[in-house]
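Subject: Structure handover

Dear colleague,

Here is the structure you will be taking over. My notes on it follow below.

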Amino acid sequence: MKPYLGAFAMATPLVVALAAAEPAFAQKAGGILKMYSPDSPASMSIHEEATFVAEGPMMGVFNNLLMFDQHVKQNSLDSIGPDLATGWSWNEDGTDLTLPLRQSVRWHDGKPFTAKDVVCTWDLLTGKSSEKLRVNPRRSWYRNLETVTTNGDYEVTFHLKRPQPAFLMALAGGYSPIYPCHVPARDMRSHPIGTGPFKFVEFKPNERIRVTRNPDYWKAGRPYLDGIEYTIIRNLSTAALAFVAGKFDMTFPYSLEVPLLRDVKNQMPEAICELAPLGISRSLIVNRDKPPFDNPDLRQAMALSLDRQAFINIITEGQGDIGGAMQPPPEGLWGMPPDVLKTLPGYDTADQLKIKLSVRDLPFLRDPAVILIDQLKEVYIDGELETIDTTNWLPKVMRKDYSVGLTGRGPRSQSQRDLQVRWGAEL
C-alpha cells in the first residue's frame with residue numbers, strides 16, 4: 001500500500017491558438033486539428049490506462065452513459081447530463097440507479113449498442129467478467145457497486161450496497177467509457193471500437209495518434225472536425241516552439257507551465273491563452289511495506305518536511321493552491337477549507353515547531369548556526385538564533401537551560417569529553 005503523505009494543487013495553462021484575423025469563435029465543419037501529446041501511452045484502452053495521455057485522445061472515440069457539460073468550467077452533480085443514457089432516476093433509498101438508454105446507436109463496426117454492453121463494461125471493471133483487463137486502475141471506484149442488471153435491451157440499473165449520490169460523478173468522468181461486449185479487451189488496446197464522434201485510425205508509440213470523423217455518429221451534424229492528429233513530443237519546450245512555428249493548432253491541455261506560457265505569449269501574441277486549474281494534486285507516496293519506510297515516524301518526518309508553497313512558487317510562480325487529497329476550493333467542491341486544512345500536521349507554517357538555537361557568540365560558531373536554522377526548516381522546525389556570551393555558555397549547558405544548540409569540538413580533557421558526549425546525546 002502506498003499512502004499519500006501530502007499534496008498541493010497547481011494552476012497550469014491551457015493554450016489554444018486561432019488565426020489572428022478570426023473575429024470570433026465559429027462552428028465550421030471540416031479540417032484536421034493538429035496538436036501534440038506530451039507522452040506516449042502504453043495502449044489505447046482507457047480502462048487500462050491511468051493518465052490523460054491515453055484518455056485525452058481516446059475520449060472522442062467513446063461515449064459515457066452520462067457526461068459533464070463541457071461548457072461549464074466546474075464539474076459538479078448539477079453539470080451532469082445524458083450521453084448514451086437519456087436520463088436517470090434513483091429508487092427511494094438511493095441504492096438503485098436506473099438509466100434508460102438511447103436506441104439506434106451503433107458501434108463503429110456497425111453492431112448495435114445495447115444494455116448488454118453496459119453490463120459487460122462494469123463486469124470487466126469489477127473483475128466479474130471472464131475477460132480480464134491487464135491493468136485495472138479504477139477498480140476501487142466501484143467497491144460500492146453490487147451488480148448491474150438490465151431491463152430489456154435499453155435500460156440498466158446499477159445496484160449499490162449503500163447510498164452514494166456522487167456515484168453519478170464516476171459515470172460522467174472521462175475514465176468511464178462504455179466498451180462493446182463483442183470486442184475482446186486485448187483488442188481494445190490496439191484498435192478500440194467505440195460509439196463516439198471519432199473513429200480510431202492508428203497509434204504509433206512515441207510518434208503519433210490519429211482519429212477520424214465518424215460519419216454515422218448518432219448526434220446529427222457532429223463532429224465538426226474531419227479528424228485529430230496527436231504528435232508525441234516529450235520535450236515541452238520543443239512542443240511550444242513547434243506551436244509558435246504554426247505546426248500545431250493548439251497545445252495539449254494542461255501541459256505548459258507558467259514560464260513556457262509566458263514565452264508563447266511573447267512570441268505569439270495572437271494565441272488565445274488561458275490559465276486554468278489542473279485538478280490534479282502532486283502527492284508524495286511512500287511504500288510503507290518497504291523498510292525503513294515501514295516506520296511511521298519516518299513517514300511523518302517526510303510529510304512534515306514538505307514546503308508545499310515552495311513547490312507552487314518555483315514551478316508555477318505562485319499560480320496554485322495548497323490542498324489535501326481533494327482539489328482545494330474554490331475550484332474543488334469537496335476540498336478542505338483553508339481553516340480546516342491548517343489544522344493538519346505540516347500544513348500550517350504558523351504551527352511549525354518554534355525553537356531557540358543557542359550558540360556561543362563567536363563568528364565561527366554563529367555562521368554554521370545560521371545554516372543549521374535554514375536546514376531545520378526543511379522539517380518544519382522554525383529556529384531563532386540565540387547568541388550566548390562565552391562566560392555564560394558552560395553554566396547554561398550544565399543547567400540544561402537550552403533546547404537545541406550548536407557548539408564546537410576540540411581537544412579536551414577526559415572529563416570535558418565526557419561532558420560533551422552527554423550533552424550531544426541529549427540533543
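Strands E7 and E8 (residues 155-160) run antiparallel and are joined by 5 bridges. Within this pairing, Thr150 stands opposite Val156 in E8. Please bear in mind that the model is predicted.

The two strands belong to an open sheet of 4 strands, in the order E5-E6-E8-E7 and with antiparallel pairing. Strand E5 (89-90) and strand E7 (145-150) each have a single partner strand, so they stand at the edges and one side of each has no neighbour in the sheet. In general, strands of a sheet pair through backbone hydrogen bonds, in either a parallel or an antiparallel way. Helix H2 (residues 115-125) lies across E7 and E8, and the angle between H2 and E7 is about 160°.

Elsewhere, there is a nonpolar patch on the surface, formed by Phe311, Ile314 and Ile315. Together these residues have about 280 Å² of accessible area. Ile314 is part of helix H8 (residues 308-316). Is Ile314 buried or exposed? Its relative accessibility is 66%, so Ile314 counts as exposed, the cut-off for that being over 50%.

As for the protein as a whole, the secondary structure comes to 12 helices and 16 strands. The protein has 427 residues, of which 40% count as buried. Taking contacts between residues at least 6 apart in sequence, 66% join residues at least 24 apart.

Regards

How values were computed:
Residues numbered from 1 in each chain as written. Predicted model: local features only at pLDDT ≥ 70, side-chain atom pairs only at ≥ 80, totals over all residues. Heavy atoms only, no water. Patch = residues over 30% accessible without salt bridge, like charges linked within 9 Å, V, L, I, M, F, W, Y side chains within 5 Å. Areas by Shrake-Rupley, 256 points an atom, 1.4 Å probe, with all protein chains shown as cover. Salt bridge = Lys/Arg side-chain N within 4 Å of Asp/Glu carboxyl O. Buried < 20%, exposed > 50% of the residue type's maximum accessible area, 1.4 Å probe, protein only. Contact = heavy atoms within 4.5 Å. Pairing = 2+ DSSP bridges. Axes fitted to C-alpha atoms, helices over the stretch in contact; angles between N-to-C directions.
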